[in-house]
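Please open the structure in the viewer and keep the sequence at hand. The stops of the tour follow in order.

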Amino acid sequence: MSAAADATATATVRRSGRDAELLQLPSWCGTAAASLAVCVGWAATTWIALHLRADVTLHTVALFVHLASLVLGFGAVLAIDYYGALWLTGRKTLREVLDFTAPLHIPVWAGLGGLLFSGAFLHPDLSSPLTCVKLGLVLVLSLNGVQASVLHQRLAAVDGGPVGRRLMIRGAVTASVSQAAWWGAVAIGFLNSRH
């Protein structure tokens with residue numbers, strides 16, 4: 001093979017590697033758009049909660065959807081975080097964790113969307129500080145979910161190489177925020193249901 005052909009092949013490999021990296025890493029525009037969509041959805045359901053009074057039947061259906069969405073979304077989050085802990089303790093490889101958790105993002109988002117939408121029909125008392133904290137926690141965990149999706153893609157881009165300290169810390173913070181927000185919202189929901 002000639003020197004020119006070698007140089008062309010090397011440039012092609014470099015370009016294809018760079019292109020693959022760009023395709024694997026999410027764009028900041030996409031992340032910002034997803035975060036904006038989360039905020040708009042959160043604001044829309046909060047507005048609905050302020051302006052709509054559901055009848056008994058709609059309230060009952062919304063309560064069922066709310067509980068089913070909690071099981072779906074929070075159950076998937078617990079599975080993801082459990083597998084993350086298995087990786088951190090060396091019991092699973094990063095590839096095993098990423099392959100297992102990738103499909104779980106759909107039930108997490110479906111559960112979160114179901115919780116948010118159905119919650120608007122459950123007559124939340126928006127004058128209650130606890131309810132406002134719960135709404136804040138829901139927004140935090142939704143935005144954290146966008147960030148977690150980006151983190152998943154960044155970890156997938158490592159592709160068998162060593163995971164940097166920065167990504168490890170980001171993963172730990174993401175899981176901690178997720179667990180705190182989910183458990184906080186569940187606890188407040190439980191306390192509010194007793195009144």
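Predicted model: local features only at pLDDT ≥ 70, side-chain atom pairs only at ≥ 80, totals over all residues.

Residues are numbered from 1 along each chain as its sequence is written, and side-chain values use heavy atoms, with hydrogens and water left out.

First, select helix α3 (residues 56-88) together with α4; their axes come within 9 Å and cross at roughly 175°. Helices here are DSSP runs of H or I with at least four residues, numbered from the N terminus. Axes are lines fitted to C-alpha atoms over the stretch in contact, and angles run from 0 to 180 degrees between N-to-C directions. The crossing makes α3 roughly antiparallel to α4 (angles over 145 degrees). In contact (heavy atoms within 4.5 Å) are Ala79, Ile80, Tyr83, Gly84 and Trp87 of α3 with Leu94, Val97, Phe100 and Thr101 of α4.

Next, select α4 (residues 94-101) and α6 (residues 129-158), whose axes come within 10 Å and cross at roughly 140°. Leu94, Arg95, Leu98 and Thr101 of α4 meet His152, Leu155 and Ala156 of α6.

Finally, select Thr101, which lies in helix α4. Is Thr101 buried or exposed? Thr101 is buried because its relative accessibility is 4% (buried means under 20% relative accessible area, exposed over 50%, with a 1.4 Å probe and protein chains only). Setting aside residues up to four places away in sequence, Thr101 touches Ile80, Tyr83 and His152.

Conventions: Helix = DSSP H or I, 4+ residues; strand = E, 2+ residues; numbered from the N terminus. Parallel < 35°, antiparallel > 145°, perpendicular 65-115°, else oblique.
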